[in-house]
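Here is a short briefing on one protein chain. Look at the fold first, then at single residues.

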Amino acid sequence: GYVWDTTVPVGTGLTSAKAPNVRLIVVDSGSEGLGSWRYHQRNIRADYVALFGREPPRVGSVAVMIDSDDTGSAAEALVGALAFSPS
């Protein structure tokens, strides 16, 4: 997963506290950029290998989520076009 965290530095790899099989990479941090469009381009395969230490399985679906219940805060996100290309 790719997340925007309020305090953890960009580039940090994390393991979910609730689901140990879920890994996250911080792609934005802090409050700079709030209210503006953000653009990210990632090598998902390389990120997966870095986080899990093995090649990724075949992917059948992709989820886009916003989640603020753990922090007791409110959040809103708009998502633009997603594009995937072979490596």
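A50 is exposed, with a relative accessible area of 65%. Here buried means under 20% relative accessible area, exposed means over 50%, and partly exposed lies in between, using a 1.4 Å probe and protein chains only. A50 sits in helix α1. Helices (H or I, at least four residues) and strands (E, at least two) are DSSP runs, numbered from the N terminus.

This is a predicted model: local features need pLDDT of at least 70, side-chain atom pairs count only at pLDDT 80 or more, and totals for chains, interfaces and linings use all residues. Residues are numbered from 1 along each chain as its sequence is written, and side-chain values use heavy atoms, with hydrogens and water left out.

**The chain as a whole**

- Along the sequence, the pattern reads β-β-β-α.
- Along the principal axes, the C-alpha atoms fill a box of roughly 35 × 30 × 25 Å.
- The chain has 87 residues, and 11% of them count as buried.
- Take the contacts between residues at least 6 apart in sequence: 35% of them join residues at least 24 apart. Contact means heavy atoms within 4.5 Å.
- There are 7 positive and 9 negative side chains, and the centres of the two sets lie 11 Å apart. Lys and Arg count as positive, Asp and Glu as negative; His and the chain ends are not counted. Each charge is placed at NZ of Lys, CZ of Arg, CG of Asp or CD of Glu.

**The sheet**

- Strands of a sheet pair through backbone hydrogen bonds, either parallel or antiparallel.
- In which order do the three strands of the open sheet stand? The order is β1-β3-β2, and the pairing is mixed.
- β1 and β2 stand at the edges with a single partner strand each, so one side of each has no neighbour in the sheet.
- On average, neighbouring strands of this sheet are turned by 45° against each other, direction ignored. Axes are lines fitted to C-alpha atoms, for helices over the stretch in contact, and angles run from 0 to 180 degrees between N-to-C directions.
- Strand β1 (residues 2-5) pairs with strand β3 (residues 23-29) in the parallel sense, over four bridges. Two strands pair if DSSP finds at least two bridges between them.
- W4 has D28 in β3 as its bridge partner, and D5 has S29 in β3.
- Strand β2 (residues 13-15) runs antiparallel to β3, and three bridges join them.
- The bridge partner of T15 in β3 is R23.

**The helix against the sheet**

- Helix α1 (residues 44-52) lies across β1, β2 and β3.
- The helix runs at about 120° to β3.

- Apart from residues up to four places away in sequence, D47 touches Y2, I25 and R42.
- N43 lies in the loop between β3 and α1. Its relative accessibility is 43%, so N43 counts as partly exposed.
- N43 and I25 are 18 residues apart along the chain, and their C-alpha atoms are separated by 12 Å.
- R45 is in helix α1. At 41% relative accessibility, R45 is partly exposed.
- R45 is in contact with E55 and P56, leaving aside its neighbours within four places in sequence.
- R45 and P56 are 11 residues apart in sequence, with 6.6 Å between their C-alpha atoms.
- Back to A50: A50 and K18 are 32 residues apart in sequence, and 20 Å apart in space, C-alpha to C-alpha.
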